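Reader: I am new to reading structures. Can we go through one together, feature by feature?

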Amino acid sequence: QVQLTESGGGLGQAGGSLRLSCAASVRSFSSYTMAWFRQAPGQEREFVAAIGWTGGKVDYSDSVKGRFTISRDNAKNTVYLDMDSLKPEDTAVYYCAARLATPYIISRQYEYDYWGQGTQVTVSS
């Protein structure tokens, strides 16, 4: 069983930055692919970014590419999402997700087995 706890959400300003963290309670964190998804009000949950077990492979949605950076610290069982150049349309609940690692990065949410409770990010204009 994997427990995921997100933190770092809150209120940001357009053009500003926020950092989200997701701490995983699991023995072999480095065996998992980690991802971030988000859900805006009235919209479906969507893929944001994912990172492979070594951190060498990453993938981003087109909407955040060049602005957001996903990283992980396997020694701390933590994955991060650095969000720069924030836009009001980045406002959403952000979820951390995990699944056992595969050779390729997965962006389909139904393939992730473990989810955090989510953390709210609100970006004001």
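Author: Start with D82: at 21% relative accessibility, D82 counts as partly exposed. Buried means under 20% relative accessible area, exposed over 50%, and partly exposed in between (1.4 Å probe, protein chains only). This is a predicted model: local features need pLDDT of at least 70, side-chain atom pairs count only at pLDDT 80 or more, and totals for chains, interfaces and linings use all residues. Residues are numbered from 1 along each chain as its sequence is written, and side-chain values use heavy atoms, with hydrogens and water left out.

Reader: Which residue forms a salt bridge with D82?

Author: Side chains of opposite charge can pair when their charged atoms come close. A salt bridge is a side-chain nitrogen of Lys or Arg within 4 Å of a carboxyl oxygen of Asp or Glu. Here R19 pairs with D82, the closest N and O atoms being 2.9 Å apart. D82 lies in strand β8 (residues 78-83) and R19 in strand β3, so the pair ties together parts 63 residues apart in sequence. Strands are DSSP runs (E, at least two residues), numbered from the N terminus.

Reader: How many salt bridges are there?

Author: The count comes to seven. One of them joins R67 and D90 at 2.8 Å, N to O. D90 has 0% relative accessibility, so D90 counts as buried. R38, E46, R67 and D90 are linked in a network of salt bridges.

Reader: Which residues form a disulfide?

Author: A disulfide is a pair of cysteine sulfur atoms within 2.5 Å. C22 and C96 form one, with their sulfur atoms 2.1 Å apart. C22 sits in strand β3 (residues 18-25) and C96 in strand β9, 74 residues apart. Both C22 and C96 are buried.

How values were computed:
Helices (H or I, at least four residues) and strands (E, at least two) are DSSP runs, numbered from the N terminus.
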